[in-house]
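Here's a friendly walk through one protein model. Take a look at the structure below, then read on.

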Amino acid sequence: SIYDKFVSSPVEILFGSGWYTSRQTLKPFEKKIRNEFGLNTDILDGNKPLQVITLAAIISDTGIIGLFFILYFFFKSAQQISQTGNQGRVIFLIMLFSNWLFYFVGYTYTSVLAFLLFLPNGILVSIAKSEKLPKNQNK
């Protein structure tokens, strides 16, 4: 249904339609797909919004330009972590890119924590830039 939505509106391919708007504008496309396959469409009736998850939702909501911004933020954070002198920077990079995998499983785009993890100078970058923890002084 997201593909059909993009084909019908090329502007939404670039800029998306926003999280709240796309939850409503996808309903006619989803209803058409469900009718083609003989699936129940009762869940699409009424005022209940359609909840789309994973990477398809990000593209639908933010468009290709929004997806490029998100990718830029991931790579900028990776660059900042790589440039730290922290010995555990590889672990931080693994944590950063494993965060990207969650976008294929669920809709973490609405989570504030997801943004704070991958944005440049966010949580992971700040921890990677921090000084080494002091050694135990009680010997």
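## Ground rules

This is a predicted model, where local features need pLDDT of at least 70 and side-chain atom pairs count only at pLDDT 80 or more, while totals for chains, interfaces and linings use all residues. Residues are numbered from 1 along each chain as its sequence is written, and side-chain values use heavy atoms, with hydrogens and water left out.

## The overall build

The protein has eight helices and zero strands. Helices (H or I, at least four residues) and strands (E, at least two) are DSSP runs, numbered from the N terminus. Read from the N terminus on, the elements go α-α-α-α-α-α-α-α.

How many of the 139 residues count as buried? The share is 34%, where buried means under 20% relative accessible area, exposed over 50%, and partly exposed in between (1.4 Å probe, protein chains only). The accessible surface comes to about 9,000 Å², with 65% of it belonging to carbon and sulfur atoms; such areas come from the Shrake-Rupley method with a 1.4 Å probe, and for residues only the protein chains shown count as cover. As for contacts (heavy atoms within 4.5 Å), take those with a separation of 6 or more: residues 24 or more positions apart account for 62% of them.

## H5 against H6

Two packed helices are described by the angle between their axes and the distance between the axes. For H5 and H6, the angle is about 180° and the axes are 11 Å apart. That makes H5 roughly antiparallel to H6. Here, axes are lines fitted to C-alpha atoms, for helices over the stretch in contact, and angles run from 0 to 180 degrees between N-to-C directions. Angles under 35 degrees count as roughly parallel, over 145 as roughly antiparallel, 65 to 115 as roughly perpendicular and the rest as oblique.

Among the residues making the contact are Leu-67, Ile-70 and Phe-74 of H5, and Phe-92, Leu-96 and Trp-100 of H6. By class, the contact has 17 nonpolar, four polar and one charged residues. Ala, Val, Leu, Ile, Met, Phe, Trp, Tyr, Cys and Pro count as nonpolar, Asp, Glu, Lys and Arg as charged, and the others, Gly among them, as polar.

## Rings that pair up

Rings of Phe, Tyr and Trp (its six-membered ring) pair if their centres lie within 6.5 Å; planes under 30 degrees apart count as stacked, over 60 as edge-to-face and the rest as tilted. By this rule the count comes to four aromatic pairs. Phe-69 and Phe-73 have ring centres 6.3 Å apart and planes at 35°, so this pair is tilted. The two sit four residues apart in helix H5 (residues 54-82), which separates them by about one helical turn. Phe-73 is partly exposed, at 25% relative accessible area.

Another tilted pair is Phe-75 with Phe-97, at 6.1 Å centre to centre and 50° between the planes. This pair links distant parts of the chain, as Phe-75 is in H5 and Phe-97 is in H6 (residues 89-105), 22 residues apart. Phe-75 counts as exposed at 52% relative accessibility, and Phe-97 as partly exposed at 35%. Back in the other group, Phe-69, Tyr-72 and Phe-73 form one aromatic cluster.

Lys-27 lies in helix H4 (residues 27-36). Is Lys-27 buried or exposed? At 10% relative accessibility, Lys-27 counts as buried. Neighbours within four places in sequence aside, Lys-27 is in contact with Leu-44, Gly-46, Asn-47, Lys-48 and Leu-50.

Ala-114 is found in helix H7 (residues 112-118) and counts as buried, at 5% relative accessibility. Ala-114 and Asn-99 are 15 residues apart in sequence and 7.6 Å apart in space, C-alpha to C-alpha.
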